[in-house]
Amino acid sequence: MPEKSEIVDLLDNIASIMEFKGENPFKVSAFRNAGNSIRKFEGDIEEMAGANRLGEIKGVGKETAKVVSEFMLTGNSIFYQELISDIPSGVLDMFEIRGIGPKKINVIYKELNIISIPGLAAACRRGEIAKVKGFGEKTQAKILEEIEKLERNRKFILMDRADKLSAKLLATLSSVKTIDKIEVSGEVRRNMEVVQEIIFVALCPKKNAAIKSTAELFTSAAIDDDELIISDFPVPVKVFFTQDTSEYYNLLFSTTATAEVLSAVKYTGSIAGVKSEEDIFKKLKMSYIPPEMREPQYFTIKDAAHKKPSSLSFGDFNGLLHFHTNASDGNNTLEEMINAGSKLGFKFFAVCDHSQNAAYANGLTEERILAQRELTKALSKKLNVRVYQGIESDILTDGRLDYSPDFLSNFDFIVASVHSQFNLSETDMTARIIKAVENPNTDALGHPTGRLLLARDGYQLNIKKVIDACAANSVAIEINANPHRLDLDWRNIFYAREKGAMFTINPDAHSTQDIELTNYGVLIARKGGIQKEEVINCFSIQEFDKFLSRKIKRNF
DNA sequence: GCCGTTTTCGGCCCGACTGTTTTCAGTCG
């Protein structure tokens, strides 16, 4: 049964290809809208399809419902297959290139007869693209740059996908009778934000039998000595087998860290006679380092106290601080978000919808904020939880926050974020963000670099200067827990902690399901050794109130 | 293609940005 995201992708692909073929733009957006409706739909899609009720979802009509139910039943769509039947597959690949869309791809294919990404890259290098009407030198350079980025990024998957895939694989591999013990290793074990291979280490008394029966579970599995390489998934999966306990821990240790770190801890080869990873550290005459901190940056930590492993967990969280509702671009009402958060153990809430400048996200006008403030008061009483009136205020191009200074003091909690004008110079962007951080109304800096992992680089920024400003102004630095962001990058956590900065770990939830994304932020925070005392979400209500009142007396 | 109805046909989100143009098309969020 296809996942919901696969259904949405199918409808999006159909829309793009129709656009490429010059279909009626409204027909195109009908497919795109149907995809959006299904993405936002909270009920059971499978059940709706089974009961022939997909058409009841707003935005899904007769035709789109037909495509979806066929796809769910057969994993295919004849409509889609017919649509792409006369287009070379290499042309379809071009839709992944950022910066060019269906119209430009059409020109590339029809006028230049280019039918693959490598062919397009070659034409760019020969300078042929710049000569075409509607294109130019800059577009040509941009296409080439994006193709190169795409080729690099193709080798990786995001943390959430790796997490789910490795959990599924672990369950499968654990069911192999000849495997006594198996653990995930490598990048997944180090809580890496992007992953290019998934590694397991297996202990098995009958090694060859275990390798053989494991290989049989997969379509494409190659045996290389004591290692199985499985190519059934978006990234390679490697399983290392051993029948020796000491070797098992050596394998776990050596496949967890990179060569750079193994060299830093002077691990030159298997250490005999160990019964655990702790034993290996003892033999290396070092104190234990948890897997997620086994990174080169660990060895640059100046304050010995910061080397302490983090015990931070989802259970430490009291405050759900940066989330959206259907007042701006979220899917759920404030009440639904609070109820869902309460069930997960959150005790106080700061709704942070988009500010008025964010028109694309239905940002709230002053009038609508005042209405939301009444709602927060009513819900506080009704649900018996503390609800703060927050905002994710856009940082305008000149560094001012959205709304007038007078009106800003109406908010209890302000996350300041950049959502526009990404292309400033490093100097201008740094000054812009520092100005926002120095604004006495700002409580937190949202997704500090604006990066989208495997998709878009962060803006040009002197991150250290920004961190300095956050620390100096008691502004919490966000670790945005959305797997596409995971921003602040964990590599900058060490510097931020050194400067005494506070952190806020937020799901940036746009639906009730998103709240649990907080977990990915926790995994990232643990890489930097962050303790719960450094995270404002883990404060008690009293401590959080104290944090809010640290600067100015609010109007509330 | 979907929706809604003043129900079987007409309207469908749009502004910013970029790079290409010489007044605008394509892409993105």
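Reader: In what order do the strands of the open sheet of 7 strands stand?

Author: This is a predicted model. The open sheet of 7 strands has parallel pairing. Its order is S8-S9-S10-S11-S12-S13-S14.

Reader: Which strands stand at the edges of that sheet, each with a single partner strand?

Author: A strand with a single partner has one side left without a neighbour in the sheet. That is the case for two strands, residues 319-323 and residues 503-506. They are S8 and S14.

Reader: How many bridges join strand S10 to strand S11?

Author: Strand S10 covers residues 386-394 and strand S11 covers residues 413-417, and the two run parallel. One place to look is Ser393, which stands opposite Ala416 in S11. The number of bridges joining S10 to S11 is 5.

Reader: What angle does the direction of helix H17 make with that of S10?

Author: Helix H17, residues 366-383, packs on the sheet. It touches strand S9 (348-351) as well as S10. The angle between the directions of H17 and S10 is about 150°.

Reader: Which residue in S7 is the bridge partner of Ala202?

Author: Strand S4 (residues 198-203) and strand S7 (residues 237-242) run parallel, joined by 6 bridges. The bridge partner of Ala202 in S7 is Phe241.

Reader: Which helix gives the most to the surface near DNA strand B?

Author: Around DNA strand B there are 32 residues, and Phe26, Gly61, Gly101, Lys104 and Gly136 come nearest. Helices H2 (25-40), H4 (62-74), H7 (102-110) and H9 (137-153) each supply at least two residues of this surface. With 4 residues, the helix that gives the most is H2.

Reader: What is the radius of gyration of chain A?

Author: Chain A has 23 helices and 14 strands. For its 556 residues the globule rule gives 24 Å, and the value for the chain is close to that, so chain A is as compact as a globular protein of that length. The radius of gyration is 26 Å.

How values were computed
Residues are numbered from 1 along each chain as its sequence is written. Chains are lettered from A and ligands numbered from 1 in the order in which they are written. This is a predicted model: local features need pLDDT of at least 70, side-chain atom pairs count only at pLDDT 80 or more; totals for chains, interfaces and linings use all residues. Two strands pair if DSSP finds at least two bridges between them. Two residues are in contact if their C-beta atoms, placed from the backbone, lie within 7 Å. Axes are lines fitted to C-alpha atoms, for helices over the stretch in contact, and angles run from 0 to 180 degrees between N-to-C directions. The radius of gyration is taken over C-alpha atoms; the globule rule is 2.2 Å times the number of residues to the power 0.38. A residue is near a molecule or strand if its C-beta atom, placed from the backbone, lies within 6 Å of it.
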